[in-house]
Amino acid sequence: MVVMLQEVRSGRLDSAFFDRSALEVAPALLGKLLVRELDEGNGSARLIAGRIVETEAYMQDDPAFHAWGIVDVPTGLVKPSGRGYALFAPPGTAYVYLCYGVHWLLNVVTEREGIAGCVLIRALEPVAGHEHMTQRRPAARTRIDLCNGPGKLTQAFAISGVHHQTNLCTGPIYFSASGCEDPVDMATSARIGISRAIERPWRFFERDSAFVSPGIPSDIAAAKRRKRRNDRRLRTKLGG
DNA sequence: ACGAGGATGCTCT
DNA sequence: GAGCATCCTCGTG
């Protein structure tokens with residue numbers, strides 16, 4: 001896939017695209033590009049781009065959501081303290097936060113201003129700027145390892161807390177629909193790595209893509225843990 | 001292949 | 001103090 005800078009710029013997604021439910025935006029982002037333009041000085045820009053192959057939706061009234069519980073129910077007022085407040089920002093705003101004290105995770109805010117919702121970008125198929133990504137991710141051994149996880153792709157794209165609450169429709173980090181006309185063979189599952197609301201099928205990914213993250217959906221992971229615990233208990237009983 | 005554990009910092013109870 | 005929207009390395013089969 002050859003990517004031309006002008007073409008990518010002309011396909012830029014605007015705030016109207018994100019001005020709806022996260023449950024609509026998350027699947028709609030599959031097949032689109034996440035783009036980063038790095039200023040090289042002398043007026044030229046270096047392009048980093050990846051085709052989105054995995055997303056997750058997070059919604060108001062969602063116990064796994066960072067905005068959960070910050071609305072005062074009797075009055076309907078939003079408590080202005082806490083990190084979740086940023087999720088009420090206008091559509092297309094970046095919500096970037098540090099996970100496990102180690103990894104930055106990129107979300108894009110959805111819904112009109114005053115309603116919370118976001119989509120987590122979980123995995124990309126690298127399309128442009130391969131050398132730059134490899135440089136930023138020395139642990140990656142193959143092209144697949146560059147962006148197949150939410151913490152990996154922010155590393156590859158050099159996205160961090162400084163981009164929190166920046167505008168993803170008008171800035172150097174944006175989404176583009178250029179070159180993405182082919183329909184995506186989409187599948188869904190429960191979200192990954194969460195402990196609450198694990199039954200909601202709000203993860204969207206390209207079926208059979210080699211570039212989706214290796215994570216296990218939380219409902220399946222929980223069932224596995226239960227089985228392991230049970231097996232261990234039975235062995236202990238037989239042995240003792 | 002798969003499982004265990006450590007790194008590391010912010011948020012909320 | 002606990003609990004994370006993770007990733008990597010190093011053990012064992």
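Biologist: Why does Y95 count as buried?

Modeller: This is a predicted model, and every value is computed from it. Y95 has a relative accessibility of 2%. Buried means under 20% relative accessible area. The value for Y95 is 2%, so Y95 counts as buried.

Biologist: How do you know whether Y97 is buried or exposed?

Modeller: The relative accessible area of Y97 is 18%. Because the limit for buried is under 20%, Y97 is buried.

Biologist: How many aromatic pairs does a search of the whole structure find?

Modeller: The search finds three aromatic pairs. In one of them, F17 and F18 have ring centres 5.0 Å apart and planes at 75 degrees.

Biologist: What makes the pair of F17 and F18 edge-to-face?

Modeller: Two rings pair if their centres lie within 6.5 Å, and planes over 60 degrees apart count as edge-to-face. The distance here is 5.0 Å and the angle is 75 degrees, so F17 and F18 form an edge-to-face pair. Both F17 and F18 are buried.

Biologist: Why is the pair of Y95 and Y97 called tilted?

Modeller: The ring centres of Y95 and Y97 are 6.1 Å apart, and their planes lie at 35 degrees. Planes under 30 degrees apart count as stacked, over 60 as edge-to-face, and the rest as tilted. An angle of 35 degrees falls in that remaining range, so the pair is tilted.

Biologist: Which residues do ring pairs link into a cluster?

Modeller: The cluster is made of F17, F18 and F175, linked by ring pairs.

Biologist: How do you know that the charged end of R12 sits over the ring of Y174?

Modeller: The charged end of R12 is 3.8 Å from the centre of the Y174 ring. The distance limit is 6 Å, and the charge must also lie within 35 degrees of the ring normal. R12 is listed as sitting over the ring of Y174. In a second case, R203 lies over the face of F205, at 4.2 Å from the ring centre.

Biologist: Where is F204, and what makes F204 count as buried?

Modeller: F204 is in strand 10, residues 203-206. Its relative accessibility is 7%, and buried means under 20%, so F204 counts as buried. Beyond its neighbours within four places in sequence, F204 is in contact with several residues, including L23, L30, V53 and M186.

Biologist: Why is D62 called buried?

Modeller: D62 has a relative accessible area of 0%, and the limit is under 20%, so D62 is buried. D62 is found in the loop between strand 2 (45-59) and strand 3 (71-72). Its contacts, leaving aside neighbours within four places in sequence, are A57, W68, R191, A197, R200 and W202.

Biologist: What makes N42 exposed?

Modeller: Exposed means over 50% relative accessible area. N42 has 71%, so N42 is exposed. N42 lies in the loop between strand 1 (33-39) and strand 2. The side chains of N42 and S44 are joined by a polar contact of 2.8 Å.

Biologist: Why does Q165 count as partly exposed?

Modeller: Partly exposed is the range between buried, under 20%, and exposed, over 50%. The relative accessibility of Q165 is 49%, so Q165 counts as partly exposed. Q165 lies in the loop between helix 5 and strand 8. Its phi is near 70 degrees, a positive value in a residue other than glycine.

Biologist: Let us turn to the DNA. Which residues are around DNA strand B?

Modeller: They are G82, R83, L98, Y100, G101, V102 and R228. A backbone N or O atom of G101 lies 3.5 Å from a base nitrogen of DNA strand B. By class, this surface has three nonpolar, two polar and two charged residues.

Biologist: How many residues surround DNA strand C?

Modeller: 23 residues surround DNA strand C, and the closest are H103, N107, G151, G193 and S195. An N or O atom in the side chain of R137 is 2.9 Å from a phosphate oxygen of DNA strand C.

Technical notes
Residues are numbered from 1 along each chain as its sequence is written. Chains are lettered from A and ligands numbered from 1 in the order in which they are written. This is a predicted model: local features need pLDDT of at least 70, side-chain atom pairs count only at pLDDT 80 or more; totals for chains, interfaces and linings use all residues. Side-chain values use heavy atoms; hydrogens and water are left out. Rings of Phe, Tyr and Trp (its six-membered ring) pair if their centres lie within 6.5 Å; planes under 30 degrees apart count as stacked, over 60 as edge-to-face and the rest as tilted. Buried means under 20% relative accessible area, exposed over 50%, partly exposed in between (1.4 Å probe, protein chains only). A residue is near a molecule or strand if one of its heavy atoms lies within 4 Å of it. A polar contact is a pair of N or O atoms within 3.5 Å; within protein, one must be able to donate a hydrogen and the other to accept it, and residues adjacent in sequence count only if both atoms are side-chain atoms. Ala, Val, Leu, Ile, Met, Phe, Trp, Tyr, Cys and Pro count as nonpolar, Asp, Glu, Lys and Arg as charged, and the others, Gly among them, as polar. Helices (H or I, at least four residues) and strands (E, at least two) are DSSP runs, numbered from the N terminus. Contact means heavy atoms within 4.5 Å.
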